[in-house]
Amino acid sequence: MKKHKHEAQLIKLAVEIGAGYAVKRGYSSFEPGTSLKDKVECIYRLLVKDKLIAPLPHDKEDGPGMKHRLVVWIAKQLPDDHELLQ
């Protein structure tokens with residue numbers, strides 16, 4: 001997996017946009033105490049269900065893999081000259 005320079009900021013942005021997407025799809029918003037791990041997994045599974053990202057193989061479905069898929073997904077949504085992609 002190729003690491004992005006601003007991976008922490010990209011995952012934060014991916015969770016923020018993914019949570020907004022989930023709400024628009026009819027899901028309730030995350031509770032204030034929901035961990036980042038749970039948010040990443042929920043958003044990952046929703047995006048896989050909607051066929052917006054490719055699923056990981058079942059034996060590779062772990063936290064870092066899901067985070068990486070979300071980072072790749074959000075990086076593709078951003079314009080090429082976005083500051084987080086530099």
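Me: Why are helix α1 and helix α3 called roughly perpendicular to each other?

Reply: In this predicted model, the axes of α1 (residues 7-24) and α3 (residues 63-77) cross at roughly 80° and come within 9 Å. Axes are lines fitted to C-alpha atoms, for helices over the stretch in contact, and angles run from 0 to 180 degrees between N-to-C directions. Angles under 35 degrees count as roughly parallel, over 145 as roughly antiparallel, 65 to 115 as roughly perpendicular and the rest as oblique. The two helices are therefore roughly perpendicular.

Me: How do you know which residues of α1 and α3 meet?

Reply: Contact means heavy atoms within 4.5 Å. On the α1 side the residues are E7, L10, I11, L13, A14, I17 and G18, and they meet K67, L70, V71, W73 and I74 of α3. Nine residues of this contact are nonpolar, one is polar and two are charged. Here Ala, Val, Leu, Ile, Met, Phe, Trp, Tyr, Cys and Pro count as nonpolar, Asp, Glu, Lys and Arg as charged, and the others, Gly among them, as polar.

Me: What makes the pattern of the protein α-α-α?

Reply: The protein has three helices and zero strands, and reading along the sequence gives α-α-α. Helices (H or I, at least four residues) and strands (E, at least two) are DSSP runs, numbered from the N terminus.

Me: Why is the protein called as compact as a globular protein of its length?

Reply: The radius of gyration, taken over C-alpha atoms, is set against the globule rule, 2.2 Å times the number of residues to the power 0.38. For 86 residues the rule gives 12 Å, and the protein has 13 Å, which is close, so the protein is as compact as a globular protein of that length. Its C-alpha trace spans about 35 × 30 × 25 Å along the principal axes.

Me: What makes K51 exposed?

Reply: Buried means under 20% relative accessible area, exposed over 50%, partly exposed in between (1.4 Å probe, protein chains only). K51 has a relative accessible area of 72%, so K51 is exposed. This residue lies in the loop between α2 (36-49) and α3. Most residues other than glycine have a negative phi.

Me: How do you know whether K3 is buried or exposed?

Reply: K3, in the segment before α1, has a relative accessible area of 66% and is therefore exposed. Its C-alpha lies 22 Å from that of C42, 39 residues apart in sequence.

Me: Why is L52 called partly exposed?

Reply: L52 has a relative accessible area of 44%, so the term is partly exposed. L52 is placed in the loop between α2 and α3. Not counting residues up to four places away in sequence, L52 touches Y21, L47 and W73.

Me: What makes D62 count as partly exposed?

Reply: The relative accessibility of D62 is 38%, so D62 counts as partly exposed. D62 is also in the loop between α2 and α3. Its C-alpha is 8.8 Å from that of E41, 21 residues apart along the chain.

Me: How do you know which residues and atoms these values rest on?

Reply: Residues are numbered from 1 along each chain as its sequence is written. In this predicted model, local features need pLDDT of at least 70, side-chain atom pairs count only at pLDDT 80 or more, and totals for chains, interfaces and linings use all residues, while side-chain values use heavy atoms, with hydrogens and water left out.
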